[in-house]
Structures are given as C-alpha cells and as structure tokens.
Amino acid sequence: MLLTLTGCSKDTVDSLKRLGLPEAASDRATYVHDLWIGSWIAAGIVGVAVWALILWVAFRYRRRADDELPDQVRYNLPIEVLYTIAPLIVVAVLFFFTIETQNKVLEPVANPDHTILVVGQQWSWTFSYLEEDAVDGKSVYDVGTPAQLPELWLVKDQTVTFELRSPDVIHSFWVPSFAMKLDVVPGRDNAFSVTPQRAGEFAGRCAELCGWQHSRMLFTLKVVDQAAFDAHLQDLQEA
Ligand SMILES: [Cu+2]
C-alpha cells in the first residue's frame with residue numbers, strides 16, 4: 001500500500017521483497033535466497049532486541065535528580081559472560097546455515113545433461129561445449145574478447161556442470177541471477193552445477209580483479225530451448 005502510494009514500480013516492489021537479491025534463475029539460487037532472507041530476519045530480531053535493551057537501560061537507570069549519580073557498576077561477571085557467549089551463538093548459527101547452504105549449492109551432479117569448460121583468460125571467456133549430441137558428440141567453443149563479448153548458451157531445465165580453468169591469473173565466474181560465483185584459479189580444477197529455470201538473457205561477469213581490463217570481462221548468458229541451443233552449437237561448429 002505504502003509502496004503503491006509512493007509510486008514504486010512492480011519491479012522495485014519485487015526487488016524489495018527479495019531485499020535486493022537478483023531474481024533467481026536457477027534451482028540453486030533459491031538456497032542462497034533463503035539464506036539471504038533468513039540472515040536479515042535474524043539480524044533484524046537481534047537488532048531490535050539490542051535497541052530495546054539500550055533504550056530500556058537508558059530509561060530505567062536514568063538520573064532522577066540533579067544531585068544524584070546513578071549506580072556505577074563494574075566487573076559484572078554475568079553480563080560479561082552474556083556478551084561473550086551471545087555473539088558466539090550468533091556467529092555459530094550464521095556459520096551453520098552458511099555451510100549448509102554452501103553444501104547444497106556445490107552439490108555435484110553425477111550425470112549432467114551438459115558439461116561446459118569455462119576458461120577465464122585475461123580479459124574474456126572461452127566457453128567449450130563438451131561432447132554435444134547436436135554436433136555429433138564433438139566439442140565446440142565460443143571465445144570472446146573485451147570488444148566482442150562471448151555468449152554462454154544453456155538449455156532451460158537441463159543441468160549443466162561448469163568446469164573452471166585459468167591459464168593466467170585468478171578470475172571469478174559470476175552469474176548474478178544464479179546467485180553464484182566461483183573462483184577460476186590457475187592449476188586448480190573448480191566446478192559447480194546448476195539447472196537454469198528461466199529462459200531469457202542474463203548478465204555474466206568476472207568477479208575477481210584480474211588486471212587492467214578486468215571490468216570488461218563480461219559475457220551474455222542465454223537460456224533457451226533445446227532447438228535454439230542445438231542450432232547455436234551448429235553455428236559455432238561452422239564458424
Ligand atoms: Cu577476470
């Protein structure tokens with residue numbers, strides 16, 4: 001109601017409901033969404049409790065007369081134990097749910113529908129579609145430059161595993177709509193899987209400062225149906 005009166009668009013309202021997180025475009029983004037919202041609710045409860053206690057103490061133990069000094073308290077062991085234990089509990093709870101979310105987000109998939117080799121090189125991306133049926137089991141690739149952004153094509157509702165490789169420095173493969181990024185580290189075989197659940201065009205970028213053209217290390221993600229995907233792979237083969 002208030003938001004309607006202030007003239008906010010539906011997009012703005014939806015974005016506020018997600019507390020600024022991009023709209024989920026994959027199965028695993030929803031886990032991050034839950035952690036994000038849950039963390040803010042927990043922070044809100046703790047925040048309100050702390051403000052209430054501060055206000056209550058300030059009011060309850062205020063000075064009541066000009067010539068009176070309120071009780072001066074020091075070395076209160078129960079209070080000191082409380083403010084040591086309470087933050088530890090807060091950190092432990094956040095840690096637990098973060099690890100739990102991380103395990104779900106990184107859960108490997110045994111037989112993904114597609115495997116894509118993602119090479120992050122200074123300063124663009126190379127996407128190799130490995131052993132695809134649309135091109136008779138061969139592999140095809142798309143290599144980009146900062147001036148000509150590469151495209152990453154995926155099929156809606158089909159699981160893909162990204163294998164991340166870097167020949168030079170550390171990059172980070174990031175699709176904001178998947179609420180997921182993973183470092184691309186030279187000499188280290190990182191991988192993760194997702195199932196895109198919304199068709200459309202999405203932004204992708206490098207999330208690790210990797211040199212002077214880092215900010216141009218962008219790509220376009222297209223989530224399409226099987227026919228469009230197959231046609232694209234055949235185009236890549238002919239290119
Ligand atoms: Cu980079």
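This is a predicted model: local features need pLDDT of at least 70, side-chain atom pairs count only at pLDDT 80 or more; totals for chains, interfaces and linings use all residues.

Colleague: Fine. How are the donor residues of the copper ion spaced in sequence?

Modeller: The pattern reads H-x34-C-x3-C-x6-M. H171 sits in strand β6 (residues 171-175) and C206 in strand β9, so that pair ties together parts that are 35 residues apart in sequence.

Colleague: And which atoms coordinate the copper ion?

Modeller: ND1 of H171, SG of C206, SG of C210 and SD of M217, at 2.1 to 2.5 Å.

Colleague: What arrangement do the four donor atoms make?

Modeller: Tetrahedral, because the angles they subtend around the copper ion run from 90 to 126 degrees. The cut-off asks for all angles between 85 and 135 degrees. For reference, the ideal angle for four tetrahedral donors is 109.5 degrees.

Colleague: Are those cysteines buried or exposed?

Modeller: C206 counts as buried because its relative accessibility is 7%, and C210 is buried too, at 5%. The cut-off for buried is under 20%. H171 is buried as well, like C206.

Colleague: OK, on to the strands. What does β9 pair with?

Modeller: Strand β9 (residues 200-206) pairs with β10 in the antiparallel sense, over six bridges.

Colleague: How many residues of β10 are buried?

Modeller: Five of the seven, so β10 (residues 218-224) is mostly covered.

Colleague: Switching topic: where does T161 lie?

Modeller: In strand β5 (residues 160-165). T161 is buried because its relative accessibility is 10%. Its side chain makes a polar contact with the side chain of S193, at 2.7 Å.

Colleague: What else does T161 touch?

Modeller: Beyond residues up to four places away in sequence, the contacts of T161 include P112, H114, T115 and I116, plus A191 and F192.

Colleague: I noticed an arginine, R28. Where does R28 lie, and is it buried or exposed?

Modeller: R28 is in the loop between α2 (10-17) and α3 (29-60). R28 counts as buried because its relative accessibility is 8%.

Colleague: What lies 2.7 Å from a polar atom of the R28 side chain?

Modeller: The backbone oxygen of E107. Leaving out neighbours within four places in sequence, R28 is in contact with residues including K104, V105, L106 and V109. S193 is among the contacts of R28 as well, and S193 is also the polar partner of T161.

Colleague: Last one: L19. Where does L19 lie?

Modeller: L19 is also placed in the loop between α2 and α3. L19 counts as partly exposed because its relative accessible area is 39%.

Colleague: And what does L19 touch?

Modeller: W36, I37 and W40, not counting residues up to four places away in sequence. The C-alpha atoms of L19 and W40 are separated by 8.6 Å, with the two residues 21 apart along the chain.

Technical notes: Residues are numbered from 1 along each chain as its sequence is written. Side-chain values use heavy atoms; hydrogens and water are left out. Buried means under 20% relative accessible area, exposed over 50%, partly exposed in between (1.4 Å probe, protein chains only). Helices (H or I, at least four residues) and strands (E, at least two) are DSSP runs, numbered from the N terminus. Two strands pair if DSSP finds at least two bridges between them. A polar contact is a pair of N or O atoms within 3.5 Å; within protein, one must be able to donate a hydrogen and the other to accept it, and residues adjacent in sequence count only if both atoms are side-chain atoms. Contact means heavy atoms within 4.5 Å. Donors are N, O and S atoms within 2.8 Å of the metal (3.2 Å for Na, K and Ca); water is not among the atoms, so sites may look incomplete. Four donors count as tetrahedral if all angles lie between 85 and 135 degrees; four count as square planar and six as octahedral if opposite donors are over 155 degrees apart and all others between 65 and 115; anything else is irregular.
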